[in-house]
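Student: I have a model open and would like to go through some of its local geometry. Can we take it piece by piece?

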Amino acid sequence: MNKTIRHTSVFVLILVLALLGRATWVQAYEGKALADDSKNRRKTIAQYAQPPGNIVVAGSPVTGSKKTEGSDLAYKRTYTDGELYAAVTGYSSQAYGATQLEGIYSKVLDGTDDRLKNPVDAVTRKQQEPGTVVTTIDPDVQKAAYRALGNKKGAAVAVDPATGRILAMVSTPSYDPSKISGTNDGDVWKELTTDEDKPLVNRALRQPLPPGSTFKLVVAAAALEDGLYGSVDTATRSPDPYTLPGTRTVLKNENASAPCENATIRTALQYSCNNVFAKMAADLGQDKVKAMAEKFGFNDDELDVPVRAYASVYPSGMDKAQTALTGIGQFDVTATPLQMAMVSAAIANDGLLAAPHMVSQVVDSDGDALTSFKDGDTERIVSSSTAEQLRSAMVTVVEKGTGTNAAVDGAEVGGKTGTAQHGENNSKTPYAWFTSYAKDPSTGKQVAVAVMIEDSGAARSEVSGNGLAAPVAQKMMEAALK
């Protein structure tokens, strides 16, 4: 062989080896990354190649699927009672991705989760049948909340205090996820994303707002646990009117004739006395109030149910006047309905807070659990004595105070109203809140609820926790105790 041919042969051999090496590298090391790349059309085709698994409520699916026409994406998601369950399911769209449970469990639901594959399938890369997400939602409570909220802008959450199971989660105005599940839903998507009422936002989890007087329960818990006051029936040191420390600002009570001067915690909750709880927060100091708020779940930016909830906030770095305002749920205090339901749930459950969750199990096509969520995973928030006293005072609120619209026949019901200022100098319509618990002594059933009405269309003078939010809570509690 002459020299030229020999050099050419060696060069060609090097090229062949380089190609083989590159192919091996791509297959062995980069294959998974390429397969998982969001720009890989084959991945998207595989995702929609078969009917997806379902999200289940009380044994029945609230999701489904249908064959698409003229598309390489074979199936798209459908929803049963989509507007009713949108705050639970979220949406799964071929064009806009997925949210809520649809997003968190997308791989289980489309059959691409590696846990669904047996060893043979893992080698052959055969796509398995999809799994199922089993929720804790009670359809009766969910429907009661949705119907009671009606055309109001707001949200509601119901929790089983003993187990932490979320029984209802509603956000209004809602939307039908079926209408954005395909690839040709641009007009509907634009309408939803430009709507000033933000129907795609889950207000129950992801829009913290000032909780107003419902936060007084947290301040009362801090005062009892700290020993500032011995019981809910001990007279407080609360002048009326009360001037915010270091200022000339006089804090008024909603009811000028209410017996709020030096009122007990019970009376102060009954009449929602601002002077009592503002003074109480100032006397305790921001650190003690903050510590109690954080026990209940405030300032937790990793609260997963399993959908991530936005943190409810108790601020830091305040002066004494600002601390006083936090005592009535104002200044920079914010909370989600989930958070305020957690406050009532811990009080109802003898001072123990069960971790809230709205999924009980994620299972494969054979019904074998891939993930399970434990009921009753509790943490001590306040003592049994403090919880008992707060329940007693909350019952007074419902029986003869500001929360009478929440009463349920035959049940022990305790609650707290809230009307939170909104806008500069309280120029906008206030938010109406109600948080409560109910127990049926004959069956042992119990539930904790929080309702937030962001806007009802009512005149400013007609906005109150008892008038707008308590009736929604009453319907939910009644449904839960049936």
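Student: Are C260 and C273 buried or exposed?
Tutor: This is a predicted model. In it, both C260 and C273 are buried.

Student: How far apart are the sulfur atoms of C260 and C273?
Tutor: The sulfur atoms are 2.0 Å apart, and the two residues form a disulfide. The link between C260 and C273 is left-handed, with -75 degrees about the S-S bond. C260 sits in the loop between strand 11 (250-251) and helix 11 (265-271), while C273 sits in the loop between helix 11 and helix 12 (274-284), 13 residues apart.

Student: How many disulfides does a search of the whole structure find?
Tutor: The search finds one disulfide.

Student: What about N262, where is its place?
Tutor: N262 is in the loop between strand 11 and helix 11. Its phi is near 55 degrees, a positive value in a residue other than glycine.

Student: Which residue follows helix 12?
Tutor: G285 follows, and its phi is positive, near 90 degrees.

Student: Helix 10 next. At what angle do helix 10 and helix 13 cross?
Tutor: They cross at roughly 115 degrees, and their axes come within 9 Å. Helix 10 is therefore roughly perpendicular to helix 13. The crossing is right-handed.

Student: Which residues make that contact between helix 10 and helix 13?
Tutor: From helix 10 the contact uses V218, V219, A221, A222, E225 and D226; from helix 13 it uses K288, V289, M292, A293 and F296. By class, the contact of helix 10 with helix 13 has eight nonpolar, no polar and three charged residues.

Student: How does helix 10 pack with helix 16, and at what angle?
Tutor: Helix 10 (residues 216-226) and helix 16 (residues 384-400) pack at about 140 degrees, with axes 10 Å apart. That angle makes helix 10 oblique to helix 16. The crossing of helix 10 and helix 16 is right-handed.

Student: Which residues meet there, in helix 10 and helix 16?
Tutor: L217, A220, A221, L224 and E225 of helix 10 meet T386, Q389, L390 and M394 of helix 16. The contact of helix 10 with helix 16 divides into six nonpolar, two polar and one charged residues.

Student: Change of topic, peptide bonds. What is omega for the bond that joins D240 and P241?
Tutor: Omega is about 10 degrees, and the bond is cis. P241 lies in the loop between helix 10 and strand 10. The bond from V305 to P306 is also cis, with omega near 5 degrees, and P306 is in the loop between helix 13 and helix 14.

Student: Last one, A58. What is its phi?
Tutor: Phi of A58 is positive, about 50 degrees, although A58 is not a glycine. The residue is in the loop between strand 1 (55-57) and strand 2 (60-61). A58 counts as exposed because its relative accessibility is 54%.

Conventions
Residues numbered from 1 in each chain as written. Predicted model: local features only at pLDDT ≥ 70, side-chain atom pairs only at ≥ 80, totals over all residues. Heavy atoms only, no water. Axes fitted to C-alpha atoms, helices over the stretch in contact; angles between N-to-C directions. Helix = DSSP H or I, 4+ residues; strand = E, 2+ residues; numbered from the N terminus. Parallel < 35°, antiparallel > 145°, perpendicular 65-115°, else oblique. Left-handed = near helix turned anticlockwise from the far one by under 90°. Contact = heavy atoms within 4.5 Å. Nonpolar A, V, L, I, M, F, W, Y, C, P; charged D, E, K, R; others polar. Disulfide = S-S within 2.5 Å. Buried < 20%, exposed > 50% of the residue type's maximum accessible area, 1.4 Å probe, protein only.
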